[in-house]
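I opened my notebook for a friendly look through this one. Here is what I looked up, entry by entry.

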Amino acid sequence: MQTKDIYSKLKENFGDQVIELVELEAGSDSFINVNPNSIKEIAMFLRDNSEMQFDYFSMLTGMDYKDAIGVVYHLYSIPLKHKLVLKVKLDRKKPIVPTIERVWKTANWHEREAFDMFGIKFEGHFNLDRILCPDDWEGFPLRKDYVAPKEYNGIDATPNKV
């Protein structure tokens, strides 16, 4: 099944919650933008619908678009051998989206990493703690406006000069 076919099915079932299909040239993954508030319901539909069967959640990543924060979801159907990319855009000052870790358990660590690196809050996540940075770390290192500290716990963090 092609992304445009999946888009049509999602549009039929979720209406305005499915924002747009972005078709890219060959070699790039086309994607579907969806309303962040509906991501969990859309994810369950994609997993449970017999025509979709997206049983494999392969990756989630955060994105910094400067004016917004985004989440990109990569899905795959092992039985039907098709793939899909979903995207949501979030308010930069308050990036909150429902968790999908109960839809696909593998989303657990991916969401924690996106929380740690981008500050995205996955609402309803059972254990949304930092996974890469120490608990007392300030800021989100993969945001474009992040400023690295000059020191951390008394240790000089400035890069060595050659």
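**A loop asparagine**

I began with Asn 49, which sits in the loop between H2 and S3. The model is a predicted one, so I read every entry below with that in mind.

Is Asn 49 buried or exposed? I found 17% relative accessibility, and because the cut-off for buried is under 20%, Asn 49 counts as buried.

**Two lysines with positive phi**

Next I went through the backbone angles. I kept in mind that most residues other than glycine have a negative phi. Lys 66 has a phi near 75 degrees, a positive value in a residue other than glycine. I placed Lys 66 in the loop between S3 and S4. With 62% relative accessibility, Lys 66 counts as exposed, since the cut-off for that is over 50%.

Lys 81 also went on my list, with a positive phi near 55 degrees, again in a residue other than glycine. I placed Lys 81 in the loop between S4 and S5, and at 62% relative accessibility Lys 81 counts as exposed.

**Helix H1**

I turned to H1, which covers residues 3-14, 12 residues in total. From its first C-alpha to its last, H1 reaches 16 Å, close to the 16 Å expected at 1.5 Å a residue. Which residues of H1 are buried? I noted Thr 3, Ile 6, Tyr 7 and Leu 10. Looking down the axis of H1, I saw these buried residues fall within an arc of 105 degrees, so they line one face of the helix.

What covers the buried residues of H1? My note includes strands S1 (18-22), S2 (31-34) and S5 (82-91), along with helix H2 (39-48). Just after H1, I logged Gly 15 with a positive phi of about 55 degrees.

**The largest nonpolar core**

My last stop was the largest nonpolar core, which has 35 residues. Leu 46, Tyr 73 and Leu 86 touch the most other members. I found at least two core residues supplied by each of H1, S2, H2, S3 (56-64), S4 (68-77), S5 and H3 (107-118). H2 gives the largest share, five residues.

Leu 10 was already in my notes as one of the buried residues of H1.

Terms used. Residues numbered from 1 in each chain as written. Predicted model: local features only at pLDDT ≥ 70, side-chain atom pairs only at ≥ 80, totals over all residues. Heavy atoms only, no water. Helix = DSSP H or I, 4+ residues; strand = E, 2+ residues; numbered from the N terminus. Expected span 1.5 Å × (residues − 1). Buried < 20%, exposed > 50% of the residue type's maximum accessible area, 1.4 Å probe, protein only. Arc of directions from axis to C-beta. Contact = heavy atoms within 4.5 Å. Core = buried A, V, L, I, M, F, W, Y, C linked by side-chain atoms within 4.5 Å.
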